[in-house]
Amino acid sequence: MKRRNADLIRLTTTALFLALTVILSRVPFLSAYIMIGGVNLVEIGFASIPSMICALLNGPVYGLICSAGADLIGALMFPNGSMAFFPGFTIDAALFGLVPVLVLKLVKGKRKLSSLTSFFGIAISAIGLYLTLPFVERFKLSGGENITISMTSKIIIAVCFLVIALAFLIASYFLSKKDQKSFLVTDIFLVFIIRDFVIKSFLAPLWLQSLYGIPYEVSFISQLLTSLVSLPIDVTITYLLIIPISEIYKDELRLTYTTKKRIYTKVYNGKVLY
């Protein structure tokens, strides 16, 4: 496949996935939010799936364009309260499309190595949760009532988070097949661990605190625990969608994940040799 045709296909599919991301994230009833203090604190939905599939298929640069573009266009089209444009959230979106696939390109198809990388992501988030929980005394729900969290409950929450996340990791390891032609389950698991457990959980609370004064620890814990619940759903849906798509996207995938870069094309008697 000529490079120009491949780039055209990538741009076209990126535009398609960008539009899907905007629709799933901004259209009412297609996504929901957990509200704390009158602010849409945590998004619940499937908007991250199209942008992640775009990044997996087309590479980190196109993933960045898709994620950041969807956030920017969606905010300009639907400037509503906590969904309005804010540069910090656009930075988050850009990192969502860029960083996970950059890491994946180093370990793709290597089940043990990708699982080990996922373990480090889980460990970082678990340490953050353990260090953050002692600073939280109360959660105020959208209805106004308060829920006090005891020290015993804090320890149980941290331990349960770690156990459940590791259980998901072990399950993805054994579900992966070494002869899979495109992506392993561990590959998909890894990109969502980096996206939700490392980038989103640590950075989004900074923007929410600066914008609305929500305590960092409250937002961090909410983001992290919600991501834990959505993790198996996102991984399953993404895997089931990307496998059939990648079967008809083989040429572009080779360009995305190749380790050798051709710097010129050799032509002999009007025929392209390589």
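The structure is a predicted model, so local features need pLDDT of at least 70 and side-chain atom pairs count only at pLDDT 80 or more, while totals for chains, interfaces and linings use all residues. Residues are numbered from 1 along each chain as its sequence is written, and side-chain values use heavy atoms, with hydrogens and water left out.

With 28 residues, helix 7 reaches 38 Å from its first C-alpha to its last, close to the expected 40 Å (1.5 Å times one less than the number of residues). There is a bend of about 45° at Lys-200, taken as the angle between axes fitted to the seven residues ending there and the seven starting there. Just after helix 7 comes Gly-213, with a positive phi of about 75°. Since 20 of its 28 residues are buried, helix 7 is largely enclosed by the rest of the structure. Buried here means under 20% relative accessible area, exposed means over 50%, and partly exposed is in between (1.4 Å probe, protein chains only).

Now for the rings. The whole structure holds 8 aromatic pairs. Rings of Phe, Tyr and Trp (its six-membered ring) pair if their centres lie within 6.5 Å; planes under 30 degrees apart count as stacked, over 60 as edge-to-face and the rest as tilted. Phe-161 and Phe-197 make a tilted pair, 5.5 Å centre to centre with 35° between the planes. This pair links distant parts of the chain, as Phe-161 sits in helix 6 (residues 151-175) and Phe-197 in helix 7, 36 residues apart. Phe-161 is buried at 1% relative accessible area, and Phe-197 is buried at 0%. Tyr-216 and Phe-220 are stacked, because their ring centres are 6.1 Å apart and their planes are at 10°. These two lie 4 residues apart in helix 8 (residues 216-247), so about one helical turn separates them. Tyr-216 is partly exposed at 21%, whereas Phe-220 is buried at 1%.
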